[in-house]
Amino acid sequence: HAAPRIDYKAELNEQQYAAVTTPPGQTLVIAGAGSGKTRTLTYRVAWLLDNGVLPEQILLLTFTNKAAREMLERVTALVPVDTQRLWGGTFHSIGNKLLRWNAERLGYRKGFSIMDREDQKDLMETVVSSSGIDTAGFRFPKAEVLGDIYSMADNTCTPLKEILLTRYPYFEKITDQIIHIRKLYQDKKVETNCMDFDDLLTQSVRLLKENEDLLERYRSQFEFVLVDEYQDTNGLQSQFVEMLTGEDGNLMVVGDDAQSIYSWRGADVTNVLNFHEHWPRARVHKIEVNYRSVPEVLELANVSIGNNKAQIRKNLQPSREPKGQLPALVPLDNGSAQASFIAQRILELQDEGVELNEIAVLYRAHFHSMEIQMEMTSRGIPFQITSGLRFFEQAHVKDVAAFMKFAVNRRDEISFMRMVKLIPGIGGASATKVWNDWLKTEASQAEVMTGKFSDLLIPMSVPKKARETWDQFAYTLDELIVDGKTATPPEMIRSIYDGVYEEYMKSKFKNAEQRQQDLEQLSNYSVRFTDPLEFLSQLSLLSGVDTDNKPDQQDREAVTLSTAHQAKGLEWHSVFAVWMADGMFPHARAIEESDAGLEEERRLFYVTVTRAKDELYLTYPLINHQARDGDILMKPSRFITELPMELMEKWNVRSGW
Ligand code: ATP
Ligand code: MG
């Protein structure tokens, strides 16, 4: 093996170096924000490869797929190996990869579809309404709520009954029905060959549990398992990690208990705190230097998190020189003054030489960004937004994807329905009839994709006025399959667009042009895939958990607008934490609730402020004009007022802005 090209000692501090070069076994790295946990993990991968470990022997689990990509890019720059062969990504994307190879073992067919939240809701509604359960008599939970309940049970590995008892006592009288619906929903997913997001993980775990040979195979393949952001893993994820690592396997996890912010989604910080219970021989490493932030920012963060009782005390020291500028506390008249201040300050920063990519506006809830989005648009400041409706969740993108999904998965009822309902003259009821007709045809049963859709007689149930468009649809679907094989993703998108979608879009949407550009972008993005299944999985994975935005604009010069949750792990030169008012951040619900709720909000505040490298602005409006019950006077966030004022500098910009 060639001599190592990396001077590990020069690029890492002593504590990081010790973790990077630790002998095989189980290792927990626990350290505060910006201390180089992710960097340590990245160098660990490089170090392993440098020492002869093969890329395919490494499994790297990250919070977003983008994070994995960036880490691997860095590794590639360090070590000349093909990191393409390394399995890196979110739990869901790794689960997807396992299931793509093995779903038949679970009663699924090849080419299952992945449903997003909206698809899931649609399918759940179908299940509930055909279950025969009389939902009229009592308040039956909506499909989304059912989805949340099932998800909580899955992700925390808790029996559904117990979840209902402890978290949803309100539904006590209908516990049996809720349990029954879950069974029906699960069957329906197998029948339609669809998985929802949670399935990517639950089914993966089930796959490994039920198939000793597969467990053995993957366990021996993944010689080294590494996990970032371990404090936000849930019970199911830690089980997945444990299974793939094996009793005596090599595992390195890094995390920070002060940044655990997903307990509302079932994440369990005891995975970090009680790491020893499962791994009694684990070594623990700490890193006590922060490399990211200037001391002024770090001090504010440290003092703030010190107010949490349930926190491991850390002694996080700054490595950077003082900036000579304290974090700014900026009260503004109202929301629009706040937006205008931020835009103004961003333009100034740009003049000072700060790139837009190095600036972020972070908020507690997506709707806090509305005025800021408008202000940025009107001033021509480019921004990318990593929350709210994502690119891949927009109706027109999903419509096109539905054609593709159905072409490869002929059981995909949800995609079929979505597609057929685009035909003028076909509504919900007739769509269901058409679907039932379709199920009776031979082509619907075909495992291999032969037989033309257009050869099918027009189903009796297609209303007369819809028949012409129906034909157009059938011919379009034909084009997606050539000689029993699927066309490439860009070819498919072209066919769908030319065949039916352009016409539909122009008749339906006012902003058809914008949407057309989106689809062009989708097509450009799809060029890198030859297999539509791979492309479709990628779309689903991106829209579900990732922070990725429009595929082609990821590296564009733009300010980032993001929720605090989505900003985890990232860093910027300047950070604006906005709507820092009580009831906004912390969230009103958390204030009313328990101490635990408030402590989680404070951790979220800690995550927010520790994203800043050089400059931190805490802004809040004095009046909220957008409140439902008229104007409301705002108080600064208790996370600010509980801090000594010497940690901040109050900016008085209220007149003249
Ligand atoms: P978070 O808790 O927010 O996820 P982290 O602990 O993962 O943070 P990193 O993102 O790995 O921290 O590192 C923070 C910043 O400090 C990065 O810009 C990283 O490159 C830099 N950094 C970390 N360690 C060192 C080091 N030894 N020398 C120079 N820079 C470092
Ligand atoms: Mg990190």
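I began with burial: 47% of the 657 residues of the protein chain count as buried. A residue is called buried here if 20 or more other C-beta atoms lie within 10 Å of its own, exposed if 12 or fewer, and partly exposed in between, with C-beta atoms placed from the backbone. The model is predicted, so local features need pLDDT of at least 70 and side-chain atom pairs count only at pLDDT 80 or more, while totals for chains, interfaces and linings use all residues. Residues are numbered from 1 along each chain as its sequence is written, and chains are lettered from A and ligands numbered from 1 in the order in which they are written.

**Overall form**

I checked the radius of gyration, taken over C-alpha atoms. The protein chain has 26 Å, which agrees with the value near 26 Å for a compact globule of 657 residues; that rule is 2.2 Å times the number of residues to the power 0.38. The C-alpha trace spans about 75 × 65 × 55 Å along its principal axes.

I then looked at contacts, meaning pairs whose C-beta atoms, placed from the backbone, lie within 7 Å. Of those between residues at least 6 apart in sequence, 78% join residues at least 24 apart.

I noted 28 helices and 20 strands in the protein chain. These are DSSP runs numbered from the N terminus, with helices (H or I) of at least four residues and strands (E) of at least two.

**Ligand 1**

I listed the shell around ligand 1 and found 18 residues, the closest being Gly36, Lys37, Thr38, Arg39 and Tyr291. Helix H3 (residues 37-50) gives the most, with three residues.

**Strand S2 and its partners**

I looked at strand S2 (residues 58-61) and found both faces covered: Ile58 and Leu60 on one side, Leu59 and Leu61 on the other, are all buried. S2 pairs with strand S6 (residues 224-227) in the parallel sense over four bridges, where pairing takes at least two DSSP bridges. Leucine 60 stands opposite leucine 226 in S6.

S2 also runs parallel to strand S3 (residues 87-89), joined by three bridges, and leucine 59 stands opposite tryptophan 87. The chain goes from S2 through helix H4 (residues 65-78) to S3 in a right-handed β-α-β crossover. Right-handed means that, with the strands pointing away from the viewer, the path from the first strand over the helix to the second runs clockwise.

**From S6 to H12**

I found glutamate 229 in the loop between S6 and H12. Its phi is positive, about 55 degrees, although it is not a glycine. Glutamate 229 counts as buried because it has 26 C-beta neighbours inside 10 Å.

In helix H12 (residues 235-245) I noted buried residues including Leu236, Phe240, Val241 and Leu244. Glycine 246 follows H12, with a positive phi near 85 degrees.

**Other loops**

I looked up threonine 386, in the loop between strand S13 (383-385) and helix H18 (395-408). Threonine 386 has 21 C-beta neighbours inside 10 Å and therefore counts as buried. Threonine 563 is 177 residues from threonine 386 in sequence, but the C-alpha to C-alpha distance is 7.3 Å.

I checked the loop between strand S17 (572-577) and helix H26 (588-592), which holds proline 586. A cis peptide bond joins phenylalanine 585 to proline 586, with omega about 5 degrees. Tryptophan 579 is found in the loop between S17 and H26, and its phi is positive, near 50 degrees.

Key: A residue is near a molecule or strand if its C-beta atom, placed from the backbone, lies within 6 Å of it. Two residues are in contact if their C-beta atoms, placed from the backbone, lie within 7 Å.
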